[in-house]
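Subject: Structure handover

Hi,

Here is the structure, ready for you to open. My notes follow below it.

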Amino acid sequence: MSEQTLLNWLLTDEPTSRRHARLTRFYQGWLALRANTLAMLGLSILIVLTLMAILAPVLAPHDPFVQNLGNRLQPLGSTDHLLGTDSLGRDILSRLIYGSRITLYIVALVALIAPIAGLLVGTVSGYAGGWVDVILMRITDVFLAFPRLVLALAFVAVLGAGIENAVIAISLTAWPPYARIARAETLTIRSSDYISAIRLQGAKPLRIITKHIWPLCMSSLIVRVTLDMAGIILAAAGLGFLGLGAQPPSPEWGAMISEGRRFILDSWWVATIPGLAIFTVSLAFNLLGDGLRDVLDPKSRGQ
Amino acid sequence: MLSVKNLWVKFPTNKGLFDAVRGISFSLGRERLGIVGESGSGKSMTGRAILRLIRPPGFIMAEYVKFGEDNLIDLDESKMRSIRGRRISMVMQDPKFSLNPVMTIGAQIIEAYRQHNDVPKRVAYQKAIEMLDAVLIRDTERVLRAYPHEVSGGMGQRIMIAMMLIPNPDILIADEPTSALDVSVQKQVMSILDGLVTRRGMGLILISHDLNLVSQFCDRVLIMYAGRIVEVCDAGALHQARHPYTQGLLNSLPRLTEKTRHLSVLQRDPAWAQPDSVTS
Amino acid sequence: MLNVTKLNVWFGHGRDRVDAVKSVDLTVEKGESFGLVGESGSGKSTILRAITGLAPHWSGAMVIDGSKIVGTSRDRVFFRKVQMVFQDPYASLHPRHTVDQVLSETLYLHGITDIESNILRLLDNVGLTARFRFRYPHQLSGGQRQRVAIARALAGRPDMLLLDEPTSALDVSVQAEILNLLTDLRNERHLTYIMVSHNLAVVAHMCDRVAVMRHGEIVELIKVDQLRLGHAHHPYVKELLESTYG
């Protein structure tokens, strides 16, 4: 298949199979996203981050855990240590590269747990209505009433410090907004004609929720997740900074800032470099989220 | 008063440029001009293009859109703003989307009036009452205190018309002003509009899909198909229209007076989209 | 086929209660095409929604084919007997489902096994070719969408179609096509129609008898032949006739 025929195949208004229909829709979404320069910038940063995490052993010039006290607090650009070294003489660049694995790990886990929990609670609550709605939403309100980091701190304090527990704690604090969004979407979708139509075919609530409401809630949740990613990374870093997330010597970015804090006046780069990394990745997620909103928002598409 | 030459409206898509309006020319005097066509015929785009209200990435091309001395195509945005609403007004299909939901109707009319006339609030309030009187709204004081969701669709549309007429524009463009309304209210709103237009000597462009409505309330009708004008005729003579598209549209309407098993279906001829626009 | 007595439908309660339908009686014979005409808010669509269980509160009695309807839940037997076509084809199809998904799910829900050939047959019935099978709603015109919606309603081979303003969102030329399709389908399958519309001419074209509604009540029940001759009694119906004649 030449390039032109492939393009036509992907852009056709007359798909010939289920797979073809899905591919054309996906491709058109991709084209719309590609037109958004900032979103593409965000996406490229995230791709670089992912590659960095995968290829960490190859990319890192040093072992991130090897200490060299004679070589501590080397400045930026010193020979052999491009981004300098920290208070224990570890190469900051290598720690940064290995740290991307932890960041991605946290992000991926939270991005799986929180929205799915929120989606379940929100759609069931919105579709069922009545007392189910009241009970589920009051529970949501209870979680929403606490400041996020404080609640996460409380959870970690109960569960014990560590990266897995940090993920669980962040997820527990992150799901209520998703439940709220999913519920609000469900309320509008529930009263639409296409839901009435499928009810008139005898479809049961479970089928309506999973096959008809979920696909429509999904896009706004994906957008929200990407926009929240920055917050999640910051929360994880915050926990790390407070010593309740990743434990030393693991090169988690928040923990790295925390360690560098003591030397911030004399050796500013030790805290600043991981801070910049957090900033860049958060920004990348926000840019991508903004672009995805334009592409995925069901209200602005297909018109 | 308004004369349009070779107007195009184009939208870039994944598959190249889509021409929504394809090189139409017409002129408008102090008359009621109807633009009729089906959805996608470009009739609404024509109305919006006159006021340069096409949203990007869509764009407009024309030899000229002359309004008095000005060529609307070349005017800068700030001059355009002074024409929009002030000298050419537009009434949209659904009043719900055109009125601000969190302001009372009175506040909106008074604000609109004071934007165009430097008068104290009291005078503007009196004017607002007069305006609503002009569109045959009876309990004006109550309506002025009401929020847009508290009035019916017909009332909302009359309020919109009142607001659009405040600056005494030379031309009113009405895009499907009554299609969200019930039949009985439709007639009422149209005759109010009609009366105001004739009394003030304005030009009216009535954009509609409803052939009968247009033939009742207009002097001249442009029939659009696939972005072009296929026929221009006197509104009264619409039923003697010669173009097969116009005839087909008229014939496909069910009639209360005759009993038929099948309605005649419009057979679209690709050739209709080909020739250049008819000019008027 | 359908017998409705003393039907009341309301929304909200207490001070906010709105009575949408007030004490309506109507009988629709098997094979008949019955019209409900009225302006927006007259309660005509609400009657259809009450029949199908989409309106939450109602009182009175409704009997379909000898079996009494209770509450708002309907069983599978009901859905195989009665189906509905909605007003706005832009809102009645799931925006993320292809025509194929819509029809195959409907067929599956009605327990029909041979889905593949049935989809093609249904598309053919409503005048669409197999080319349309994998399209999303945004790749279809208004008329094509309404055809898909009609195909969906026909999938379970119902006896009765409730048509809620099926053409009011469409251009007149497309309206003619859809109305002709509905006429043909009714002849082929001996369907019973209840058609709701604000357009007297459309209802008169499609129906044998018409009930004119206003403020939730039926003000006049009239045969279409009488209507054509202009033999209406109620002043409101006369007014409607007048505005339709133009």
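Which are the buried residues of H11(A)? They are A:Trp253, A:Gly254, A:Ala255, A:Met256, A:Ser258, A:Glu259 and A:Gly260. Buried here means under 20% relative accessible area, exposed means over 50%, and partly exposed is in between (1.4 Å probe, protein chains only).

First, the ground rules. This is a predicted model, in which local features need pLDDT of at least 70, side-chain atom pairs count only at pLDDT 80 or more, and totals for chains, interfaces and linings use all residues. Residues are numbered from 1 along each chain as its sequence is written, chains are lettered from A and ligands numbered from 1 in the order in which they are written, and side-chain values use heavy atoms, with hydrogens and water left out.

On confidence: the model scores ipTM 0.89 and pTM 0.85. Chain C averages a pLDDT of 90 (the predictor's confidence in each residue, from 0 to 100), and 99% of its residues score at least 70.

**Helix H11 of chain A**

Back to H11(A). This helix spans residues 253-260, and seven of its eight residues are buried, so the rest of the structure largely encloses it. Helices and strands are DSSP runs, numbered from the N terminus (helices: H or I, at least four residues; strands: E, at least two). The cover over the buried residues includes helices H3 (37-54), H5 (92-128), H10 (205-241) and H12 (269-296) of chain A. The N-terminal end is capped by A:Glu252. One of its side-chain oxygens lies 3.1 Å from the backbone nitrogen of A:Gly254.

**The C–A interface**

Chain C puts 33 residues in contact with 30 residues of chain A. Contact means heavy atoms within 4.5 Å. Together the two chains bury about 2,900 Å², with 52% of it on carbon and sulfur atoms. Buried area is the accessible area (1.4 Å probe) that two parts lose on being put together, summed over both.

Two salt bridges are counted between chain C and chain A. The rule for a salt bridge is a side-chain nitrogen of Lys or Arg within 4 Å of a carboxyl oxygen of Asp or Glu. C:Glu105 and A:Arg207 form a salt bridge at 2.6 Å, N to O. A salt-bridge network links A:Arg18, C:Asp100, C:Glu116 and C:Arg133.

Nine residue pairs are in polar contact between chain C and chain A (both at pLDDT 80 or more). A polar contact is a pair of N or O atoms within 3.5 Å; within protein, one must be able to donate a hydrogen and the other to accept it, and residues adjacent in sequence count only if both atoms are side-chain atoms.

Which elements of chain C give two or more residues to the side that touches chain A? They are helix H1 (44-52), helix H2 (76-81), strand E6 (82-85) and helix H3 (99-109). H3(C) gives the largest share, six residues. By type, that side of chain C has eleven nonpolar, twelve polar and ten charged residues. Ala, Val, Leu, Ile, Met, Phe, Trp, Tyr, Cys and Pro count as nonpolar, Asp, Glu, Lys and Arg as charged, and the others, Gly among them, as polar.

**Salt bridges within chains**

The count over all chains is 30 salt bridges. In chain B, B:Arg32 and B:Asp194 pair at 2.5 Å, N to O. B:Arg32 lies in strand E3 (residues 32-36) and B:Asp194 in helix H8 (residues 183-200), so the pair ties together parts that are 162 residues apart in sequence. Both residues are buried.

In chain A, A:Arg95 and A:Asp86 form a salt bridge at 3.7 Å, N to O. Both are buried. A:Arg293 and A:Asp290 form another, at 2.7 Å, N to O. These two lie in helix H12 of chain A, three residues apart, about one turn of the helix. A:Arg293 is partly exposed at 38%, and A:Asp290 is partly exposed at 38%.

**Two single residues**

B:Thr246 sits in helix H10 (residues 244-251) of chain B. It is buried, with a relative accessible area of 0%. Its side chain makes a polar contact of 2.8 Å with that of B:Glu231.

A:Leu76 is in the loop between helix H4 (56-59) and H5 of chain A. It is partly exposed, with a relative accessible area of 36%. Leaving out residues up to four places away in sequence, A:Leu76 touches A:Leu82, A:Leu83, A:Gly84, A:Trp268, A:Trp269 and A:Ile273.

Best wishes
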